[in-house]
Amino acid sequence: MKKKIFIARAIFPEVLDRLAEYFEVEANQADRTYTADELAARISGVDGALVTGSERIGADLLAASTRLKAVCNMAVGYNNIDVDAATRAGVMVTNTPDVLNETTADFGWALMMACARRVTESEHWLRAGNWTKWRYDTLLGADVHGATLGIVGMGRIGQAIARRSLGFDMQVLYHNRSRLAPELEVRANNARWVGKEELLHSADHVILVLPYSPQTHHTIGAAELALMKPSATLTNIARGGIVDDVALIAALRERRIAAAALDVFENEPALHPDFLGLSNVVLTPHIASASEPTRRAMADCAAHNLIAALTGALPPNLLNPACAQKDAK
Ligand code: 8YV
């Protein structure tokens, strides 16, 4: 008899068809938003689940899902899943690393450039009919080339962002829990490790690419924003909650930093309404990995992990290997 899986969100039809070759599938191609109870009820009845960063897979759900053997996230970040609780419950957890590094780095650059050079603000201004004549000081922004780039979180995506800065003749500072190996620092445009305070104080453009955890909650709050240059920009493509949104809104409103670009928010998709009234912030709906090939690669990767997990193979992106060694439930 085929094992049963649940796909929590709409997905590429080809991926659904592939999974249906192996499993009895409950899909959600209508992309309904389930309540926590509805989600728990569905997951408790299956052997495996394919979820996205929007589904919270907590300890209670995992403990109650006695049939469940694998939760496969279609995201590299996995702060939506309680991995320790999954390990205790004997549930394998996987993510989708690497396939999105370059696309996400591209988007980090797009956002950084957009806020430094006021691209979206300019378009809104033009569409509102304000462009009646050329002026020397219309919508002046900050240069990106030749500036100092500060990267907080120097994993694979951070390094891909740094590599791109070579063509812009930038100095790269980075802050990370651990220093990169010297050869990786060289590849990352000779990036130099510095403390968080020095980075915030010295960088012209700060970009956040670190994973979210209780330890990284509000890595950027009022005190950190106060260290930044008034001319600096802040870009967040990591996770909501890494920045204190209320503190950022105050800093943007009072022009204590020049501008920000945000792809992620606390409580997204319900972003703080005060962001909408600010002209010096670029806002996008969590789309840093959203190129067609990359989203397909992420879906394929998640499906591949799920097939492996439920057919007795080791999933390539297993986050809790301790659990694969346990007896099958
Ligand atoms: C996803 C992401 O689009 O991979 C991640 O961690 O943040 C994005 O690429 C999002 O989490 C949906 O699962």
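This is a predicted model: local features need pLDDT of at least 70, side-chain atom pairs count only at pLDDT 80 or more; totals for chains, interfaces and linings use all residues.
Residues are numbered from 1 along each chain as its sequence is written, and side-chain values use heavy atoms, with hydrogens and water left out.

The protein chain is assigned domain 1 (4-99 + 292-323) and domain 2 (101-283), the bounds being taken from an automatic or database domain assignment. A distance of 31 Å separates the C-alpha centres of domain 1 and domain 2. Eight residues of domain 1 and five residues of domain 2 take part in the contact, defined as heavy atoms within 4.5 Å.

The area buried between domain 1 and domain 2 is about 570 Å², with 38% of it on carbon and sulfur atoms; buried area is the accessible area (1.4 Å probe) that two parts lose on being put together, summed over both. Of the area that domain 1 buries against domain 2, 69% is supplied by Asn-79, Asp-98 and Thr-294, more than by any other three residues.

One salt bridge is found across the interface of domain 1 and domain 2, the criterion being a side-chain nitrogen of Lys or Arg within 4 Å of a carboxyl oxygen of Asp or Glu. Arg-156 and Asp-98 form a salt bridge in which the closest N and O atoms are 3.5 Å apart.

An open sheet is formed by seven strands in the order E8-E7-E6-E9-E10-E11-E12, with parallel pairing. Strands (E, at least two residues) and helices (H or I, at least four residues) are DSSP runs numbered from the N terminus, and two strands pair if DSSP finds at least two bridges between them. Strand E8 (192-193) and strand E12 (281-283) are the edge strands, each pairing on one side only. Strand E9 (residues 205-208) runs parallel to strand E10 (residues 233-236) and is joined to it by four bridges. Ile-207 is placed opposite Thr-235 in E10.

Most residues other than glycine have a negative phi, and most peptide bonds are trans. The bond between Glu-268 and Pro-269 is a cis peptide bond, with omega about 10°; Pro-269 is in the loop between strand E11 (259-262) and E12. Arg-118, a residue other than glycine, has a positive phi near 55°. The loop that holds Arg-118 lies between helix H5 (101-116) and helix H6 (119-127).
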